[in-house]
Amino acid sequence: MTDYALDQSGAQICMASSTDPSHPAEHIIDGKESTFWTTTGLYPQEVIIGFGRPVSIRTIKTNTRNGACCFAKLAEAPSGAPVVLACL
């Protein structure tokens, strides 16, 4: 199964509601289990991942810490390519 949400597959972080210089949102798509995105400030926090081309998405997997809940929504960019909107 191809992981389209990786930068090596063409995914990009289109928007993140907060960032920490040591743990930026780009860590979400780097494919490394040792890196992560840390949000700053109050909830909710959001990130939008763009795929740049049409892809078929069957599963969305997230890992959260400290009891945060997460939901994801598939949407379509003006180009017709899918994007994932995730909110913590």
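Okay, let's start with the layout: reading from the N terminus, the elements of the protein chain go β-β-β-β. In other words, there are 4 strands and 0 helices in the secondary structure. And please keep in mind that what you see here is a predicted model.

If you go element by element, S1 has the highest mean pLDDT, at 90. Down at the other end is strand S4, residues 82-87, with the lowest mean, 63.

A few numbers for the whole chain before we zoom in. There are 88 residues, and 27% of them count as buried. The accessible surface is about 6200 Å², with 51% of that belonging to carbon and sulfur atoms. And if you take contacts between residues at least 6 apart in sequence, 48% of them join residues at least 24 apart.

Where is Gln 45? You'll find Gln 45 in the loop between strand S1, which is 12-16, and strand S2, which is 46-50.

Next one: is Gln 45 buried or exposed? Gln 45 counts as buried because its relative accessible area is 4%, and the cut-off for buried is under 20%.

Now look at what sits around that side chain. Which side chains does Gln 45 join through polar contacts? One is Ser 17, with a polar contact of 2.6 Å between the two side chains. Another is Ser 18, where the side chains make a polar contact of 2.8 Å. There's some backbone in the picture too: a polar atom of the Gln 45 side chain lies 3.0 Å from the backbone oxygen of Thr 40.

One more neighbour to point out is Ala 16. In sequence, Gln 45 and Ala 16 are 29 residues apart, yet C-alpha to C-alpha they are 7.7 Å apart in space.

Ser 18 is in the loop between S1 and S2. Ser 18 is buried as well, because its relative accessibility is 9%. And what does Ser 18 touch, leaving out residues up to four places away in sequence? The list is Trp 37, Thr 39, Thr 40 and Gln 45.

Definitions and conventions. Residues are numbered from 1 along each chain as its sequence is written. This is a predicted model: local features need pLDDT of at least 70, side-chain atom pairs count only at pLDDT 80 or more; totals for chains, interfaces and linings use all residues. Side-chain values use heavy atoms; hydrogens and water are left out. Helices (H or I, at least four residues) and strands (E, at least two) are DSSP runs, numbered from the N terminus. Buried means under 20% relative accessible area, exposed over 50%, partly exposed in between (1.4 Å probe, protein chains only). A polar contact is a pair of N or O atoms within 3.5 Å; within protein, one must be able to donate a hydrogen and the other to accept it, and residues adjacent in sequence count only if both atoms are side-chain atoms. pLDDT is the predictor's confidence in each residue, from 0 to 100. Contact means heavy atoms within 4.5 Å. Accessible areas come from the Shrake-Rupley method with a 1.4 Å probe; for residues, only the protein chains shown count as cover.
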